[in-house]
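Here is a friendly briefing to read alongside the model. Please keep the viewer open and follow the topics one by one.

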Amino acid sequence: MNRTTLLSLCVAASLVACTERTSSPAAGVDSGVAAPVAPAAPGKGQTPSPAPSTESQGAGSPDAAVPGSATAEAANADSGVGEYTGAPAAEKGTCSAASLSPRAAPASPALPAPVESMRQRIIAAAVACDYTALNTLADENGKAVRFTFGDGTDAGEYWRAAEKLGNPELARIVQVLNLPYAKQDNLYFWPAVHVTGATSDKDWAALKGVYPDEEIAGMKDQGSYLGLRVGITPEGDWQIAVAGD
């Protein structure tokens, strides 16, 4: 190889080396431009990662339960008051008789049907705290029931006012109507001791829970029952629900 040819090859080699160094910066040297990174292709047997979800989780999910909503809490069912008087369930629990059973205890001996029907409906209305129903029953087969020795004319309002003062009038009506009864003239009376007189410890013991022990002791000392008595005619006319002498 002659000298001219060799010199040409050296020059060409130098140009190639310079060109490669200029176009490809060395590793670790910041060129000022972020080079795009191509996504790596999944290898054989690998599953591509799923794309991130943009849907919000938890409360935003259509299946999330919202406390207090119709889907999270069912409406309160009627407590059964309407079965007896038609009073709304919301009124239940607003009087002294609300925790008592609306079912009358069996009477012994059996009562005439009109009397038993009235007794059961009075108990149910009292347990339902339904003063309007009680007034309706009082006038159903006759004139208004005697509920006081005063000048009152509205039994329901009288009992409502008494209950607000803490006097368990409706509870006593229910409790008395579940005690033994006795007939005097044209009236069936509860409790029986109003007619027969409370002459024994057993008679007074039957009144336990209707009145406080000290009140029962006071009546016992006087020798007569002065508490609430309820009177119904054989035709089912509710005439009396009064206490006192």
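Axes here are lines fitted to C-alpha atoms, for helices over the stretch in contact, and angles run from 0 to 180 degrees between N-to-C directions. Two packed helices are described by the angle between their axes and the distance between the axes. The model is predicted, so local features need pLDDT of at least 70 and side-chain atom pairs count only at pLDDT 80 or more, while totals for chains, interfaces and linings use all residues. Residues are numbered from 1 along each chain as its sequence is written, and side-chain values use heavy atoms, with hydrogens and water left out. Helices (H or I, at least four residues) and strands (E, at least two) are DSSP runs, numbered from the N terminus.

**Helix α3 against helix α4**

- The axes of α3 and α4 lie 8 Å apart, and the two helices pack at an angle of about 140 degrees.
- That angle makes α3 oblique to α4; the scale counts angles under 35 degrees as roughly parallel, over 145 as roughly antiparallel, 65 to 115 as roughly perpendicular and the rest as oblique.
- α3 passes α4 in a right-handed crossing; a crossing is right-handed if the near helix is turned clockwise from the far one by less than a right angle, and left-handed if anticlockwise.
- On the α3 side, the contact (heavy atoms within 4.5 Å) is made by Tyr131, Leu134 and Asn135.
- α4 brings Ala155, Gly156, Trp159, Arg160 and Glu163 to this contact.
- By class, the residues divide into four nonpolar, two polar and two charged; Ala, Val, Leu, Ile, Met, Phe, Trp, Tyr, Cys and Pro count as nonpolar, Asp, Glu, Lys and Arg as charged, and the others, Gly among them, as polar.

**Helix α2 against helix α5**

- Helix α2 (residues 113-127) and helix α5 (residues 169-177) cross at roughly 150 degrees, and their axes come within 9 Å.
- α2 and α5 are therefore roughly antiparallel to each other.
- The crossing of α2 past α5 is left-handed.
- Arg119, Ile122, Ile123, Ala126 and Val127 in α2 meet Leu170, Ile173, Val174 and Leu177 in α5.
- This contact of α2 with α5 has eight nonpolar residues, one charged and no polar.

**The sheet**

- Four strands form an open sheet in the order β1-β2-β3-β4, with antiparallel pairing; two strands pair if DSSP finds at least two bridges between them.
- β1 (182-184) and β4 (238-242) are the edge strands, each pairing on one side only.
- From one strand to the next, the twist averages 25 degrees.
- β1 and strand β2 (residues 187-190) run antiparallel and are joined by three bridges.
- Ala182 stands opposite Phe189 in β2.

**Aromatic pairs**

- Rings of Phe, Tyr and Trp (its six-membered ring) pair if their centres lie within 6.5 Å; planes under 30 degrees apart count as stacked, over 60 as edge-to-face and the rest as tilted.
- By this rule the count comes to five aromatic pairs.
- The rings of Phe147 and Trp159 have centres 6.3 Å apart and planes at 65 degrees, so this pair is edge-to-face.
- Phe147 sits in the loop between α3 (131-139) and α4 (155-164), and Trp159 is in helix α4, twelve residues apart.

**Backbone details to look up**

- Ser108 and Pro109 are joined by a cis peptide bond with omega about -5 degrees, and Pro109 is in the loop between α1 (3-23) and α2.
- A cis peptide bond also runs from Trp190 to Pro191, with omega near -10 degrees; Pro191 is found in the loop between β2 and α6 (193-196).
- Cys129, in the loop between α2 and α3, has phi near 55 degrees, a positive value in a residue other than glycine.
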